[in-house]
Amino acid sequence: MYQGFYTIASGVLMQQRNLSVLSNNLVNANTPGYKASRLVSSTFDKELLRVENQMRTNIGGVSVINIVSEEPTRFDSESLLETGRGLDMAINGEGFFRIQAPAPQNAEGEAEGEGAVYLTRNGNFTLDAEGYLELEGFGRVLGQNGPIQLVDAGFTVQEDGSIYGADGNYVDTLSLVVPGEGDTMERAGNALFQLAGGAEGVPATAFTMVQNWLERSNIDPNREYTLMMEAQRSFQACSTALQIADRLNQKAAQQIAAL
């Protein structure tokens, strides 16, 4: 009885987390460069394996409790949207913008070291009070010579990522990277990622920069709504089964006590 109770409860928790992931996808359907997440489930018995001499032996074939196997991100690129805004940029091809967060501060409010570096496909940039190109709320856009500082918004971006000011003078080149061999991308925000272990990635080469455009998210709202309805029904079914199992446990306890 208890085994069935825990199995059903794991289904409730699994669908609850699945609903959270799908809801976050829907909320970010209009976030430029956002990449959808998916939840992949497994059963606990499949995780109990003995690996010896490259041979996998299942040592736990009893429990069927649902667990989260992984939460992968779909990195497929979507279509581009023309905005006519000079601060908007899209990467047509491979690569990620590098965004440097503000440096951490000590107790005296002084900056210490350098801020974390994030990767994103979101090119919805602005200029801060000091004229630095930034992803608002997250940090400054990095070029090959560090954070990119501009005099005003009247600049142009070439296909290779090089930036020229309104006066025609060269400013810097966008620092676009891709994960290196063996690097793992980890989600750090709704449209932000980091490379595991402090890896820096390698320079991107197969791309074309497009100014006045943004990359759409790869969310299909209709698909997400369908998946949410499926998850909601599964959640309700598990909740009902859990209530039935609880009543059976109570009835069994009362009958045993009567004896």
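Predicted model: local features only at pLDDT ≥ 70, side-chain atom pairs only at ≥ 80, totals over all residues.

Q: What average pLDDT does the chain reach, and where is confidence lowest and highest?
A: pLDDT is the predictor's confidence in each residue, on a scale from 0 to 100. The chain averages 85, and 84% of the residues score at least 70. Confidence is lowest in helix H2 (residues 44-47), with a mean of 51, and highest in E14, at 97.

Q: How many helices and strands does the chain have?
A: Helices (H or I, at least four residues) and strands (E, at least two) are DSSP runs, numbered from the N terminus. The chain has three helices and 21 strands.

Q: Which strands does E18 pair with, and in which sense?
A: Strands of a sheet pair through backbone hydrogen bonds, either parallel or antiparallel. Here two strands count as paired if DSSP finds at least two bridges between them. Strand E8 (residues 117-120) is joined to strand E18 (residues 192-195) by two bridges, and the two run antiparallel. Within that pair, Thr 120 has Leu 192 as its bridge partner. E18 also pairs with strand E17 (residues 185-187), antiparallel, over three bridges. There Arg 187 stands opposite Phe 193, and a hairpin of four residues connects E17 to E18.

Q: Is strand E20 mostly covered or uncovered, and which strand pairs with it?
A: A residue is buried under 20% relative accessible area, exposed over 50% and partly exposed in between (1.4 Å probe, protein chains only). Four of the five residues of E20 (residues 207-211) are buried, so the strand is mostly covered. Strand E6 (residues 89-93) pairs with E20 over five antiparallel bridges, with Ala 90 opposite Val 210. Over the chain as a whole, buried residues make up 38% of the 259 residues.

Q: How much space lies in the largest pocket, and what lines it?
A: Rolling a probe the size of a water molecule over the atoms shows where empty space is left. On a 1 Å grid over the protein atoms alone, a pocket is an open set of points where a 1.4 Å probe fits, with protein on both sides within 12 Å along at least five of seven lines; lining residues have an atom within 4 Å of a point. Grid points are joined across faces, edges and corners, and the volume is the space filled by probe spheres set on them. The largest pocket holds about 230 Å³. Its lining includes Arg 98, Glu 114, Leu 142 and Gln 194, and strands E7 (96-100), E8 and E18 each supply at least two lining residues.

Q: How much space lies in the second largest pocket, and which residues line it?
A: About 180 Å³ lies there, and among the lining residues are Ala 29, Leu 81, Arg 216 and Pro 221.

Q: Is Leu 19 buried or exposed, and which residues is it in contact with?
A: Contact means heavy atoms within 4.5 Å. Leu 19, in helix H1 (residues 2-27), is buried, with a relative accessible area of 13%. Leaving aside neighbours within four places in sequence, Leu 19 is in contact with Met 228, Ala 231, Gln 232 and Phe 235.

Q: Where does Glu 94 lie, and what does it touch?
A: Glu 94 lies in the loop between E6 and E7 and is partly exposed at 30%. Not counting residues up to four places away in sequence, Glu 94 touches residues including Arg 121, Val 178 and Phe 207.

Notes: Residues numbered from 1 in each chain as written. Heavy atoms only, no water.
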